[in-house]
Amino acid sequence: MTTESARASQHVTEATTKACKAAAWDCQSHEFMGSPETVMTNLVGLPDELVARRVYMLMVQGDSRCEARVFERFNLDDAEGTVSSWSETDVPKLVTQITEVLVANRGVHCPGEQVRATLETEREVHVSAPAPAPRTAAEAFGPIVDGFRDDKFVRATVMVLC
């Protein structure tokens, strides 16, 4: 499970609260399948605005393993963020679980917080130290997909939360 000490010492800005309320009605899911190169081309084609969101995630399933990463900034204007990561056994099941959380939320609460809470109660999640937040989809997703470069076929799902 993750520690809350870094998050607890932060103050959520009014702009972030307002943006999370709007994002609760604008969650997105993008899925790509094929060779790692094709999938990366499609991921890079996503609008860079998605990495301007406060919380988004990428799940990649390869020939023999799966990984999931949640990118999070405490406030929208933060230059740094954290990346939570873990190995996953079943990406389609995880996507279904997240979708169910978002539908049950019905735009009431921050979708990023709802999804993070669900993920952390059921998984051992490693949270990185704060580092500069990615500025482009290529910067965010490239290193992860590169780890699957020897796989023949991959499935990548991006969930844009808040």
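Residues are numbered from 1 along each chain as its sequence is written, and side-chain values use heavy atoms, with hydrogens and water left out. In this predicted model, local features need pLDDT of at least 70 and side-chain atom pairs count only at pLDDT 80 or more, while totals for chains, interfaces and linings use all residues.

**Exercise 1. Identify the buried and exposed residues of helix 4, and state which elements the buried residues pack against.**

Step 1. Buried means under 20% relative accessible area, exposed over 50%, and partly exposed in between (1.4 Å probe, protein chains only). By this criterion V91, L94, V95, Q97, I98, V101, L102 and N105 are the buried residues of helix 4.

Step 2. These residues cover an arc of only 160 degrees around the axis, and therefore lie on the same side of helix 4. The arc is that of the directions from the helix axis to the C-beta atoms.

Step 3. K93, E100 and A104 are exposed on the other side of helix 4.

Step 4. Packing rests on contact, meaning heavy atoms within 4.5 Å. The partners of the buried residues of helix 4 are strand 2 (55-61), strand 3 (66-72), strand 4 (80-87), helix 5 (111-122) and strand 7 (154-160).

**Exercise 2. Carry out the corresponding analysis for helix 3.**

Step 1. In helix 3 (residues 36-44), the buried residues are P36, V39, M40 and L43.

Step 2. Their arc around the axis is only 100 degrees, which puts them on the same side of helix 3. On the other side, E37 and T41 are exposed.

Step 3. Strand 1 (28-34), strand 2, helix 6 and strand 7 are the elements that the buried residues of helix 3 pack against.

**Exercise 3. Characterise R106 and V108 in the loop between helix 4 and helix 5.**

Step 1. R106 lies in this loop; its phi, near 50 degrees, is a positive value in a residue other than glycine. R106 is exposed, with a relative accessible area of 60%.

Step 2. V108 also has its place in the loop between helix 4 and helix 5. At 58% relative accessibility, V108 counts as exposed.

**Exercise 4. Describe the largest cavity and the second largest pocket.**

Step 1. On a 1 Å grid over the protein atoms alone, a cavity is a set of points where a 1.4 Å probe fits but cannot get out, and a pocket is an open set with protein on both sides within 12 Å along at least five of seven lines; lining residues have an atom within 4 Å of a point. Grid points are joined across faces, edges and corners, and a volume is the space filled by probe spheres set on the points.

Step 2. The whole structure holds one cavity of 30 Å³ or more. The largest cavity has a volume of about 40 Å³.

Step 3. The lining of the largest cavity consists of V70, E72, S84, W86, R116, L119, E120 and V125. Helix 5 gives the most to this lining, with three residues.

Step 4. The second largest pocket holds about 210 Å³ of space. Its lining has 20 residues, of which F71, V83, P132, P134 and A140 lie nearest the centre.

Step 5. Helix 6 (137-146) is one of the elements that supply at least two residues of the pocket lining, and helix 6 gives the most, with four residues.
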